[in-house]
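Visitor: I'd like to learn how to read a structure like this one. Could you walk me through it feature by feature?

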Amino acid sequence: RFDTWKAEQGLPQNTVRALHQSEDGYLWFGTRFGIVRFDGVDFRVFDRFNTPGLSDENCIGIVEKDGQMWFAITQGVVSLKDGVFSTRAVRKGSSQDRIYSLCLGRNDSLWLGAANGVIRLQGDTVTTFSAANGLGTNAVISILEDQNGTLWAGTEGSGLKRLDRGADRFADFWVPGDVNDK
């Protein structure tokens, strides 16, 4: 059986940008107009109008570790811990500061792919990597840390980049036009 859920069923609108099943079994959806929790029967929408601590409802990514959830919003991240949302802005608000993706890393770090590079949040420390750090472009659309601690960054027009654990500079893994490009 294949079900379709749209605004008529309880979503705030019909564009879903992120999906996640939490450790406690709920389905979570990131949409342009809110973060949504589905319990199998009802949709609960969290947005900046009904949820203290949520400054922006345009959610584009969801991750979770040890009961704490992180939601990527266009200008930063929102954490949800023990039923409380809190926003951590990491950008100033221009379109060039847009967040595109997130992933959890080792040592309780959170990595963000953004329009102006890669951002690492670790505790109170924010570290930004840009084209000057080997990305080739600042636009990082997707990001992943693998089981070996290598960070992978999918860029807009400059291919796939790799940041080895402990390094401070990205290296080319694949670039458009590479002789091995098929």
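Visitor: Let me start with one side chain: is Glu57 buried or exposed?

Guide: Buried means under 20% relative accessible area, exposed means over 50%, and partly exposed is in between, with a 1.4 Å probe and protein chains only. Glu57 has a relative accessible area of 8%, so Glu57 is buried. A word on the ground rules: this is a predicted model, where local features need pLDDT of at least 70 and side-chain atom pairs count only at pLDDT 80 or more, while totals for chains, interfaces and linings use all residues. Residues are numbered from 1 along each chain as its sequence is written, and side-chain values use heavy atoms, with hydrogens and water left out.

Visitor: Which residue forms a salt bridge with Glu57?

Guide: A salt bridge here is a side-chain nitrogen of Lys or Arg within 4 Å of a carboxyl oxygen of Asp or Glu. For Glu57 the partner is Arg48, with the closest N and O atoms 3.0 Å apart. Arg48 is partly exposed, at a relative accessible area of 45%.

Visitor: How many salt bridges does the count come to?

Guide: By this rule, 6 salt bridges. One of them joins the side chains of Arg1 and Asp3 at 2.8 Å, N to O. Arg1 is exposed, with a relative accessible area of 90%, and Asp3 counts as partly exposed at 40%.

Visitor: What about Arg106 and Glu145, where the side chains meet?

Guide: That's a salt bridge too, at 3.6 Å from N to O. Arg106 lies in the loop between β9 (99-104) and β10 (109-114), and Glu145 is in strand β13 (residues 140-145), so the pair ties together parts that are 39 residues apart in sequence. The strands are DSSP runs (E, at least two residues), numbered from the N terminus. Glu145 is buried, with a relative accessible area of 14%, whereas Arg106 is partly exposed at 31%.

Visitor: Now the cysteines. How many disulfides does a search of the whole structure find?

Guide: To count as a disulfide, a pair of cysteine sulfur atoms must be within 2.5 Å. The search of the whole structure finds 0 of them. For Cys59, the nearest cysteine sulfur is that of Cys103, and it is 15 Å away.

Visitor: Can we look at one residue in more detail? Where is Thr155 placed?

Guide: Thr155 sits in strand β14 (residues 151-155) and is buried, with a relative accessible area of 13%. Its side chain reaches the backbone nitrogen of Ser158 at 3.1 Å. A polar atom of the Thr155 side chain also lies 2.7 Å from the backbone oxygen of Gly159.

Visitor: Which residues is Thr155 in contact with, leaving aside neighbours within four places in sequence?

Guide: Contact means heavy atoms within 4.5 Å. On that basis, the partners of Thr155 are Leu135, Thr137, Ala139, Val140, Ile141 and Lys161.

Visitor: Last one, backbone angles. What is phi of Asp66 near?

Guide: Most residues other than glycine have a negative phi. Phi of Asp66 is near 50°, a positive value in a residue other than glycine. Asp66 is in the loop between β5 (59-65) and β6 (68-73) and is exposed, with a relative accessible area of 62%. Asn107 also has a positive phi, near 55°. Asn107 is found in the loop between β9 and β10, and counts as exposed at 62% relative accessibility.

Technical notes
Helix = DSSP H or I, 4+ residues; strand = E, 2+ residues; numbered from the N terminus. Polar contact = N/O pair within 3.5 Å; in protein donor to acceptor, adjacent residues only side chain to side chain.
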